[in-house]
Amino acid sequence: MAYGQTSSTSTTVAGANGTTETTTTTTESTGTVTDFTPGQMMVLKTEAVEPVRYKFSKQVTYVTSDGRVIEPSKITKDSKVHVHYVKDGDDMLVDKVIVTKDRD
């Protein structure tokens with residue numbers, strides 16, 4: 001597994017009058033947790049030079065790689081995770097965290 005992989009998808013929706021356009025970009029990234037405060041933020045060590053800081057959206061789902069929902073307390077420093085986030089201005093708001101290696 002290559003840490004720091006990032007993939008993006010964009011969806012563009014035209015408004016009813018054809019003049020308004022909304023673009024939503026969702027992105028995924030993989031790394032190792034270096035700092036984590038449930039419900040607030042997560043810092044991942046990726047292939048980037050500096051660790052990447054993510055904030056959490058209002059609704060965040062935490063799951064294992066096989067899809068089982070878990071409590072945020074199962075995520076610890078050095079957990080390997082895959083995050084799904086939406087870019088909002090300069091912030092990256094995580095809505096799903098997948099633990100790629102169980103830390104039981």
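Modeller: What follows is a quick chat about the strands, the core, the rings and one loop.

Biologist: Anything to know before we start?
Modeller: This is a predicted model, where local features need pLDDT of at least 70 and side-chain atom pairs count only at pLDDT 80 or more, while totals for chains, interfaces and linings use all residues. Residues are numbered from 1 along each chain as its sequence is written, and side-chain values use heavy atoms, with hydrogens and water left out.

Biologist: OK, how many helices and strands are there in the chain?
Modeller: Zero helices and six strands. Along the sequence the pattern reads β-β-β-β-β-β.

Biologist: Do tell me about E6: which way does E5 pair with it, parallel or antiparallel?
Modeller: Antiparallel, over eight bridges between E5 (residues 80–88) and E6. Two strands pair if DSSP finds at least two bridges between them. Val-86 has Leu-93 as its bridge partner in E6, and Val-81 stands opposite Val-99.

Biologist: What sits between E5 and E6?
Modeller: Two residues, making a hairpin, and Gly-89 in the turn has a positive phi of about 65°.

Biologist: And how does E4 run against E6?
Modeller: Parallel: six bridges join E4 (residues 52–64) to E6 (residues 91–99). Thr-61 is bridged to Lys-96 in E6.

Biologist: Switching topic, what's in the largest nonpolar core?
Modeller: It has 17 residues, and those with the most contacts inside it are Met-42, Tyr-54, Ile-75, Val-81, Val-83 and Val-97. A core here is a set of buried Ala, Val, Leu, Ile, Met, Phe, Trp, Tyr and Cys residues joined through side-chain atoms within 4.5 Å. Buried means under 20% relative accessible area, exposed over 50%, and partly exposed in between (1.4 Å probe, protein chains only).

Biologist: Which strands supply at least two residues each?
Modeller: E2, E3, E4, E5 and E6.

Biologist: What does Met-42 touch?
Modeller: Leaving out residues up to four places away in sequence, Met-42 touches a list including Val-33, Phe-36, Tyr-54, Phe-56 and Val-97. Contact means heavy atoms within 4.5 Å.

Biologist: How are the rings of Phe-36 and Phe-56 arranged?
Modeller: Rings of Phe, Tyr and Trp (its six-membered ring) pair if their centres lie within 6.5 Å; planes under 30 degrees apart are stacked, over 60 edge-to-face and the rest tilted. The count comes to four aromatic pairs. Phe-36 and Phe-56 have ring centres 5.9 Å apart and planes at 80°, so they are edge-to-face. The pair links distant parts of the chain, with Phe-36 in E2 (residues 21–37) and Phe-56 in E4, 20 residues apart.

Biologist: Last one: where is Thr-46, and is it buried or exposed?
Modeller: Thr-46 lies in the loop between E3 (41–45) and E4, and counts as buried because its relative accessibility is 13%. Its side chain reaches the backbone nitrogen of Ala-48 at 3.1 Å.

Terms used: Helices (H or I, at least four residues) and strands (E, at least two) are DSSP runs, numbered from the N terminus. A polar contact is a pair of N or O atoms within 3.5 Å; within protein, one must be able to donate a hydrogen and the other to accept it, and residues adjacent in sequence count only if both atoms are side-chain atoms.
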